[in-house]
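This briefing concerns side-chain packing and ring interactions. Please consult the sequence and the 3D structure shown here alongside the points that follow.

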Amino acid sequence: AVRAVVRMGIYVGFKVYAIHEGYQGMVDGGNCFKDMTWKDVSGIIQRGGTVIGSARCQDFRERWGRKKAALNLIKRGINNLVVIGGDGSLTGANLFRLEWAEHLTELSEEELITDAEKEHCSHLNIVGMVGSIDNDFCGTDMTIGTDTALHRIIECVDAISTTAQSHQRTFV
């Protein structure tokens with residue numbers, strides 16, 4: 001999913017960032033934001049799990065944390081966000097979207113953003129992609145993580161079977 005988003009974003013002319021460690025990285029800012037290139041996502045298609053990290057973020061559960069995340073996005077001119085995650089991530093994204101106009105107003109009144117930044121980021125567009133190994137999200141046939149987890153399980157069972165055969169033993 002990360003590879004597809006990065007490559008399509010570059011293809012259509014966007015500047016694409018990866019935010020390492022999810023919402024925690026969005027709140028922390030700084031080096032957590034990485035400008036992505038085509039090469040950055042080369043060779044990752046076979047890797048399971050997230051290649052940009054993931055973290056539970058207590059700060060993002062608080063309004064002040066979401067406001068700080070908004071400031072970090074606005075300062076980079078980011079007004080489109082792709083959120084890949086489960087119920088908590090997608091619920092957080094929806095709340096962030098609902099509060100966006102309030103954050104813009106407050107940050108402008110506090111003179112933390114310019115009028116040009118406020119205008120450029122007047123709307124926050126969010127795409128949510130269900131990425132969870134649980135496969136329990138309503139409206140999806142199979143989540144991104146489920147397919148990866150099932151393939152990893154099959155690979156491990158195949159490897160154990162081959163090892164058991166080569167040792168002429170039974171593994172339980």
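A charge sits over a ring if NZ of Lys or CZ of Arg is within 6 Å of the ring centre and within 35 degrees of the ring normal. By this criterion, the charged end of Arg 76 sits over the ring of Phe 33, at 3.9 Å from its centre. The model is predicted: local features need pLDDT of at least 70 and side-chain atom pairs count only at pLDDT 80 or more, while totals for chains, interfaces and linings use all residues. Residues are numbered from 1 along each chain as its sequence is written, and side-chain values use heavy atoms, with hydrogens and water left out.

**Aromatic pairs**
- The structure holds 4 aromatic pairs, a pair being rings of Phe, Tyr or Trp (its six-membered ring) with centres within 6.5 Å.
- Tyr 23 and Phe 60 form a stacked pair (planes under 30 degrees apart), because their ring centres lie 3.9 Å apart and their planes are at 5 degrees.
- This pair links distant parts of the chain, 37 residues apart: Tyr 23 lies in helix H2 (residues 22-28), and Phe 60 in the loop between strand E2 (33-35) and helix H3 (63-75).
- Helices (H or I, at least four residues) and strands (E, at least two) are DSSP runs, numbered from the N terminus.
- Ring pairs join Tyr 23, Phe 60, Phe 96 and Trp 100 into a cluster.

**Burial**
- Buried means under 20% relative accessible area (1.4 Å probe, protein chains only).
- Tyr 23 is buried at 12%, and Phe 60 is buried at 4%.

**Surroundings of Ser 108**
- Ser 108 lies in helix H4 (residues 87-109) and is buried, with a relative accessible area of 17%.
- Not counting residues up to four places away in sequence, Ser 108 touches Ile 113, Asp 115 and Lys 118 (contact: heavy atoms within 4.5 Å).

Conventions. Buried means under 20% relative accessible area, exposed over 50%, partly exposed in between (1.4 Å probe, protein chains only). Rings of Phe, Tyr and Trp (its six-membered ring) pair if their centres lie within 6.5 Å; planes under 30 degrees apart count as stacked, over 60 as edge-to-face and the rest as tilted.
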